[in-house]
Amino acid sequence: MERETDTTVVFIFVKDDKVLLEKRPLTSSFAGMEMYPGGSVKENELDDLESALRREVLEELGVTPIEISALLCPEDIYGETGKLLRPYLISTWDGTLSQTILDKGNPVSWVDLEIVANAPLESVRRLTTVLRDHLAKQQ
């Protein structure tokens, strides 16, 4: 089995000014908080983060990303556990999104982007700022 790295691909699904967030269970770290779904990058995927993204999205949400954009961060963003976060915008996908994270059972829901901008976790706020900047440049 390939070892995981200290890098996480973060998948940011956007639909109608809303983003898909995962709600952490009350019995886990970051209990009850909402965050962007993501997954660990394996050693053999470090040179191809998009492959890691596709694998993780399929494993966790049961869909295949079609339209993907790497979100460029002005500076590195680290999660609260110290992992380097590499965010990707997914605007179209094939299949029906699961209502839970398939390998954990955590519920997911669509949340207004304006609400997410004030999330309690710093990493979520910073990723949201990067997303909003990206979306503004596309208009």
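**Stop one: helix H3**

Start by selecting residues 122-138, which is helix H3: 17 residues, reaching 25 Å from the first C-alpha to the last, close to the 24 Å expected at 1.5 Å a residue. Helices here are DSSP runs of H or I with at least four residues, strands are E runs of at least two, and both are numbered from the N terminus. The expected span is 1.5 Å times one less than the number of residues.

Before moving on: this is a predicted model, with local features needing pLDDT of at least 70, side-chain atom pairs counting only at pLDDT 80 or more, and totals for chains, interfaces and linings using all residues. Numbering runs from 1 along each chain as its sequence is written, and side-chain values use heavy atoms, leaving out hydrogens and water.

Now colour Ser123, Val124, Leu127, Thr128, Val130, Leu131 and His134, the buried residues of H3 (buried is under 20% relative accessible area, 1.4 Å probe, protein chains only). Look down the axis: these buried residues fall within an arc of 160°, so they line one face of H3. The arc is taken from the directions from the helix axis to the C-beta atoms.

**Stop two: helix H1**

Next, pick residues 49-61, helix H1. Its buried residues include Leu49, Leu53 and Val57. Among the elements covering them are strands S1 (4-15) and S5 (64-70).

**Stop three: Thr7**

Finally, go to Thr7 in strand S1, buried at 11% relative accessible area. Beyond four places in sequence, its contacts (heavy atoms within 4.5 Å) include Leu49, Leu84 and Arg86.

Note on methods
Buried < 20%, exposed > 50% of the residue type's maximum accessible area, 1.4 Å probe, protein only.
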